[in-house]
Amino acid sequence: MRKVRVRFAPSPTGALHIGGVRTALYNYLFAKKHKGDMLLRIEDTDSARFVPGAEEYIVESLNWLGIKIDEGIGAESVGVHAPYRQSERKAIYRKYVDQLLAADLAYIAFDTPSELDAKRLEIANFQYDASTRELLTNSLTLTADDVKFRIANGEQYVVRIKIEPNLEIKVQDLIRGEVIFNSSIIDDKVLFKSSDELPTYHLANVVDDYLMEISHVIRGEEWLPSAPLHVLLYQYLGWINVMPQFAHLPLLLKPDGNGKLSKRDGDRLGFPVFPMNWKDPKTGETSSGYREAGYFPEAVVNFLALLGWNPGTEQEVFSMQELIDQFSLERVSKSGAKFDYEKGKWFNHQYLQAKSDEEIADLFQTELKEKGIIEDKQKVVKVVSLVKERANFVNDLWFQSGFFFAAPTEYDAKTIQKRWKAETPQQMKELISVLDDIKDFSAISIEEIVKEWITVKEYNLGGIMNAFRLSVVGEPKGPHMFDIIEVLGKEETISRLQKALEEIK
């Protein structure tokens, strides 16, 4: 049985879109499920669209997400099929171009862009194919000597595949079943350009997949219209018996409508569409990423895995190993998946809750240091234990707990109006005396003594506790009041009460 070998083959044209990340993830899960290999290949034949730094960004993104590459770019072991950048494989492709030309399955075309534009104006719905190729400047309409002369003279040309009309091309897809195309809808695509001596994506892709022994091509739905051309190339090159199996993944759709998810949707609705921050080297514009937004990589992986794949159970939270064990292309949807970014936050919340208070405290301490706050680890662990339920991200913790580390400098005006009554200052002074006399300043002990004082004095419990919270926290938020003051300690609690009495009028 053929060993499973898959590849992720992005172009280095900018940041890696979250849809591309999901493609990489599904390739990885499939390969690992079947004890196979995953390759990373860089498809950089379009030199005009190359963006510096994009390749490094792709490698770092996959590493951050825990998608381990077995062979190729970014792998520990380079592998036997090097090089893995198509621009470095120039010499390899020419042989196959010549093979197709010799077999009369491809031809040389000299048409300039302006000549093709003129033909588009002249012929409605023009495409370069069997119905138009005889009207154009190519090796089918020129003599062999004329072709040789033009090439010797340095005239630029392309090599086009020769597609016969009205053939039925069957593409077997592991997600969609059999998809049938009529060859008449496919133009004679360019396979090679003399201007840079490089093949186009279509030829390079097929040749590399063959030479690298790829068993399964798992890619986005947008490549389905190219599949019949690729099937023909396998046939023309005599490789049909080792052609990989195809699986075309459903699109990631806009959260609030139809159409493919784009960066603009993220900008408009306020969520990242890239795994990590990306700074465009041309414009200097920075686009936000999931890493810098505070997401855990395992939450992003879990979220993406379920956008288009259904495990068939009620389970939602999966470790990477559980995803590997349960993943199958049979359970990948044919229809697009709406990108529910709120669900992404929910996943991050689940992973935040599952981590130990100590682990979260280590992450939170980094943020505290950035704010100039150096705190005892045990205090931070205790604070995390009290507030993490309210947080989706580590960077939410400051909003939920900043008052543990810094006394309020102002007090919520609405709460003052609603909760600070004429009798409140006197009650708070009495509360200071009560707290000052408590020897065991633990939450349980304080609560018992304070509530007993409230009962004896026949004060309103809500009135006292709301004013107490306002004095200590500055606004109506935070965990259980007695847990807060246990962490703060007696001296700090009384100090805050005294300050509130001075400040709140």
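Is Tyr 234 buried or exposed in this structure? With a relative accessibility of 1%, Tyr 234 counts as buried, where buried means under 20% relative accessible area, exposed over 50% and partly exposed in between (1.4 Å probe, protein chains only). The model is predicted, so local features need pLDDT of at least 70 and side-chain atom pairs count only at pLDDT 80 or more, while totals for chains, interfaces and linings use all residues. Residues are numbered from 1 along each chain as its sequence is written, and side-chain values use heavy atoms, with hydrogens and water left out.

Tyr 234 belongs to the buried residues of helix 7, which also include Ala 227, Pro 228, His 230 and Tyr 236. Helices here are DSSP runs (H or I, at least four residues), as strands are (E, at least two), numbered from the N terminus. Nine of the 10 residues of helix 7 (residues 227–236) are buried, so the rest of the structure largely encloses this helix. After helix 7 comes Gly 238, which has a positive phi, near 80°.

Now for the aromatic rings. Rings of Phe, Tyr and Trp (its six-membered ring) pair if their centres lie within 6.5 Å, and planes under 30 degrees apart count as stacked, over 60 as edge-to-face and the rest as tilted. The count by this rule is 21 aromatic pairs. One of them joins Tyr 234 to Trp 239 in an edge-to-face arrangement, with 6.5 Å from centre to centre and 65° between the planes. Trp 239 is buried as well, at a relative accessible area of 7%. Trp 346 and Phe 347 have ring centres 5.0 Å apart and planes at 80°, so this pair is also edge-to-face. Of these two residues, Trp 346 is partly exposed at 29%, whereas Phe 347 is buried at 2%. Both take part in a cluster linked by ring pairs, together with Phe 271, Phe 303, Phe 339 and Tyr 341.

Rings also meet charges. A charge sits over a ring if NZ of Lys or CZ of Arg is within 6 Å of the ring centre and within 35 degrees of the ring normal. The charged end of Arg 94 is placed over the ring of Phe 192, 4.7 Å from its centre, and that of Lys 477 over the ring of Phe 399, 3.8 Å from its centre.

Helix 11 (residues 341–354) contains Lys 345, a residue that counts as partly exposed at 27% relative accessibility. Neighbours within four places in sequence aside, Lys 345 is in contact (heavy atoms within 4.5 Å) with Tyr 295, Asn 392 and Phe 393.

Turning to helix packing, helix 1 (residues 18–33) meets helix 9 (residues 297–305) at an angle of about 85°, with the axes 10 Å apart. Axes are lines fitted to C-alpha atoms, for helices over the stretch in contact, and angles run from 0 to 180 degrees between N-to-C directions. Helix 1 is therefore roughly perpendicular to helix 9, given that angles under 35 degrees count as roughly parallel, over 145 as roughly antiparallel, 65 to 115 as roughly perpendicular and the rest as oblique. Helix 1 contributes Ile 18, Val 21, Arg 22, Leu 25 and Tyr 26 to the contact, and helix 9 contributes Val 300, Val 301, Leu 304 and Ala 305.
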